[in-house]
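Thank you all for coming. Please have a look at the sequence and the structure on the screen, and then I will walk through a few parts of it.

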Amino acid sequence: MLLRSGAAVVVAFFITGLRAQTSASLSDCHNHGATRYCVLPNGEETAVPSSITEAPSVATAAPATADAQTTAVTSCHMHETAQFCIKGDGGEVMAVVTASAIGPSPPAQYTGCHSHGEELFCYGPDSEETLFAAEAAAAAVQTGASSEGQNEGSSSGGRNCHFHAGVEHCLEPGESEGGSAASATACNKVDRSYNMPIRIGTLFVMLITSSIAVFGPILLVRFAHVHPGGYIFTVLKQFGTGVIISTALVHLLTHAELMFGNECLGELKYEATTTAIVVAGAFLTFLLQYSSLRLSDSRARTVASKSGIQHAESMNGDASDKSSQVQVPTAGHDHRMPKLDDPLSVLILEMGIIFHSAIIGVTLVVAGDSFYKILVVVIIFHQMFEGLALGVRISHLSTISLLKKLLMGSGFALITPLGMAIGLGVLDSFNGNDKATIIAIGTLDAFSAGILLWTGFIQMWSFDWLYGDLRDAGAVQTGLGMFALVAGLVIMSVLGKWA
């Protein structure tokens, strides 16, 4: 029994000595979460059990270094991409800088420490001032700074700024999408510098691209004598139909919902505001076309009746009666047949496209530089496909002159560059999170969606396939038309990822 007790005393003595020896060789011990880290004599940092560093020799050593560290932070080291240092009271702080700013050889210490309010600033070897914060606070700021580099527009408070439908939206640290309300700061305009030369150059690129897209089909039919019912125009028409349908649903309707869901607008008392405006746009389009057809039918009957009466006076009674009876219903029947070879129908289609093209021009210019380059490429393709869809339909109008067709195409070619010019004019004052701006953009997007949905589904998709050439077309033409229709739907839906 005495032998066992003696052995225990020896072992305890040995462990105590080992602990004292180990702790004496460790320095700058600190915690990261629940894990204790110390610096070895060779300068490497290692995780150690907290019991080893609880020896009196370590506890008494801290005050000796405290005074030396009152104006500096030392023992700086890296944990993944973050740099941590020890300040005068032994507490750990993190340098609020990105890993790329620290460089491959981070400084071992920072000197000349001073305070601005409650924040601690120190100077590195390059004499640059660096902010230090407690580990938890610094992690939050660093996250915000990372978002700033990626989204361009984040400010020094860690704001996360990004774009919805080309309109900037910012979140303060701790805020999330779909939150109950946005802070006043998050709804303010974000000041930034803009690359003006690239924006001015893009305006002319947009003008040229839109012009080629919308005038190309018109000039092709007029001068190359391409048959509107051939394979080429079947593919172009159906691709354009897919573009219009996808634009209405994926781009305009989605963007309008994002606008009316913006926290800066507040909570809407009527949740179906977006779709109600879409319904209004579709109904007004229907009402306009229905009224136009009724008026057209009435005039046709009047003209046919007068023609029949005059014809009856110069012919025998029986023959004239038969002739007049044939002519009147024929005129009415022709106008009741669904068709898109009508200037009014194409003008309504163009009106729906023009409304949101103007918005696209404004929101494109005011987007941040980092988002601008991607958005420009997407919008160029977007406008090119829409111009192609509109140009094909204009080229099929057989009742108007070439000059009028070109004038109709000019409206589309000029509207997006005009919107961009307006955007350049309001660049320093435009705030996409202003309530009036949100309502205006959301309303125009939703109304345009209603117009394009009516035109796309009723006058383009259903007419071509249920009443037009594709109703009894051959297998090759039908297959090409179906492939082009799906291609237009898919491509414009994919572009909806960015615009």
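Let me begin with a question: does A358 count as buried, partly exposed or exposed? At 24% relative accessibility, A358 counts as partly exposed, where buried means under 20% relative accessible area, exposed means over 50%, and partly exposed lies in between, with a 1.4 Å probe and protein chains only. A358 lies in helix α9, residues 343-365, and helices here are DSSP runs of H or I with at least four residues, numbered from the N terminus. The C-alpha atoms of A358 and L414 are separated by 9.3 Å, although the two are 56 residues apart along the chain.

A word on the model before I go on. This is a predicted model, in which local features need pLDDT of at least 70 and side-chain atom pairs count only at pLDDT 80 or more, while totals for chains, interfaces and linings use all residues. Residues are numbered from 1 along each chain as its sequence is written, and side-chain values use heavy atoms, with hydrogens and water left out.

Now to helix α11, residues 402-425, which has 24 residues and reaches 34 Å from its first C-alpha to its last, close to the 34 Å expected at 1.5 Å a residue, the expected span being 1.5 Å times one less than the number of residues. This helix bends by about 30° at I415, with a proline, P417, following within four residues; the bend is the angle between axes fitted to the seven residues ending at a residue and the seven starting there. Among the buried residues of α11 are K405, F412, I415 and P417.

Helix α12 runs over residues 435-467, and its 33 residues should span 48 Å at 1.5 Å a residue, which agrees with the 45 Å between its end C-alpha atoms. There is a kink of about 35° in α12, centred on G456. At the start of α12, a side-chain oxygen of D434 comes to within 3.2 Å of the backbone nitrogen of A436.

Which side chains does Q289 join in polar contacts? The side chain of Q289, a residue of helix α7, has a polar contact of 2.7 Å with that of W454 and another of 3.0 Å with that of Q459. A polar contact is a pair of N or O atoms within 3.5 Å; within protein, one must be able to donate a hydrogen and the other to accept it, and residues adjacent in sequence count only if both atoms are side-chain atoms. Q289 is buried, with a relative accessible area of 8%.

Let me turn to charged side chains, where the count comes to 2 salt bridges, a salt bridge being a side-chain nitrogen of Lys or Arg within 4 Å of a carboxyl oxygen of Asp or Glu. The side chains of D464 and K237 meet in a salt bridge at 3.7 Å, N to O. D464 lies in helix α12 and K237 in helix α6, so this pair ties together parts that are 227 residues apart in sequence. R393 and D464 also meet in a salt bridge, at 2.7 Å, N to O, and salt bridges that share partners join K237, R393 and D464 into one network. D464 is buried, with a relative accessible area of 3%, and K237, at 13% relative accessibility, counts as buried too.

Technical notes. Helix = DSSP H or I, 4+ residues; strand = E, 2+ residues; numbered from the N terminus.
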